[in-house]
Amino acid sequence: MNDNVLSNYVFGETYFPHVAIPINRKAGDTIIFFESKQLIWKIEKQLKDKKKIANNLNVDSLMAVDAIDLIETFDSKYNFFLPDNVNEIRNMYYFGSLSTLGIQAFLTLKEATNITNLQPWATMYNRLIDKAYNQNNLLSKNRLEISSNKLSKFTKYFDTAYQQKIKDLFSKEKAINHRILSTKDFML
């Protein structure tokens, strides 16, 4: 474990996300976790301007982890920072690249941090897949292998058609980077 990196994220007994931005702390019922802070900047302003995003979510806050640092440094002896009103949060979604790294970050958040109600933001993953397949040149090489067990833990949240698309993508050693989505792709 790299203690220099870890010291950037741990304070006391708590591991903090890379970025945490409150949106609607009084009435929000959803937290969205992103694989990287670049994704937050795509929708943060729209949410603060009261624009509607996919699934018409009532967002409490946005959080970004640094996927590589989270996977390499998170230790289950730490608590993971969540807003103090977390008991009032109905939905917790994760979104990132459709790659081994992105899926591993999701699994680390869900399993190692014990955020049990976290699930992939399926609507946005479906949009990501559709956009990539409609524009064939948007697929990239997936440089890391993933076990079928881990892939199944992720794909179980999707309908059968998208489960198959994700499995096909990984069987061809392909990935889809979250950067292909524009701000407009996140809107209703």
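This is a predicted model: local features need pLDDT of at least 70, side-chain atom pairs count only at pLDDT 80 or more; totals for chains, interfaces and linings use all residues.

Student: Which residues of helix α6 (residues 148-155) are buried, and on how wide an arc around the axis do they lie?

Tutor: The buried residues of α6 are Leu 151, Phe 154 and Thr 155.

Student: What covers the buried residues of α6?

Tutor: The cover includes one strand, β8 (118-120). It also includes helices, and these are α4 (100-112), α5 and α7.

Student: How are α4 and α6 oriented to each other?

Tutor: Their axes come within 10 Å and cross at roughly 75°. The contact is made by Ile 103, Gln 104, Phe 106, Leu 107 and Glu 111 of α4, together with Lys 150, Leu 151, Lys 153 and Phe 154 of α6. Those residues divide into 5 nonpolar, 1 polar and 3 charged. Since angles of 65 to 115 degrees count as roughly perpendicular, α4 and α6 are therefore roughly perpendicular.

Student: What is the handedness of the crossing in which α5 passes α7?

Tutor: The axes of α5 (residues 122-134) and α7 (residues 160-171) come within 11 Å and cross at roughly 55°, and the two helices are therefore oblique to each other. The contact is made by Asn 126, Ile 129, Asp 130 and Tyr 133 of α5 and by Tyr 162, Lys 165, Ile 166 and Leu 169 of α7. These contact residues divide into 5 nonpolar, 1 polar and 2 charged. The crossing in which α5 passes α7 is left-handed.

Note on methods. Residues are numbered from 1 along each chain as its sequence is written. Side-chain values use heavy atoms; hydrogens and water are left out. Axes are lines fitted to C-alpha atoms, for helices over the stretch in contact, and angles run from 0 to 180 degrees between N-to-C directions. Helices (H or I, at least four residues) and strands (E, at least two) are DSSP runs, numbered from the N terminus. Angles under 35 degrees count as roughly parallel, over 145 as roughly antiparallel, 65 to 115 as roughly perpendicular and the rest as oblique. A crossing is left-handed if the near helix is turned anticlockwise from the far one by less than a right angle, and right-handed if clockwise. Contact means heavy atoms within 4.5 Å. Ala, Val, Leu, Ile, Met, Phe, Trp, Tyr, Cys and Pro count as nonpolar, Asp, Glu, Lys and Arg as charged, and the others, Gly among them, as polar. Buried means under 20% relative accessible area, exposed over 50%, partly exposed in between (1.4 Å probe, protein chains only).
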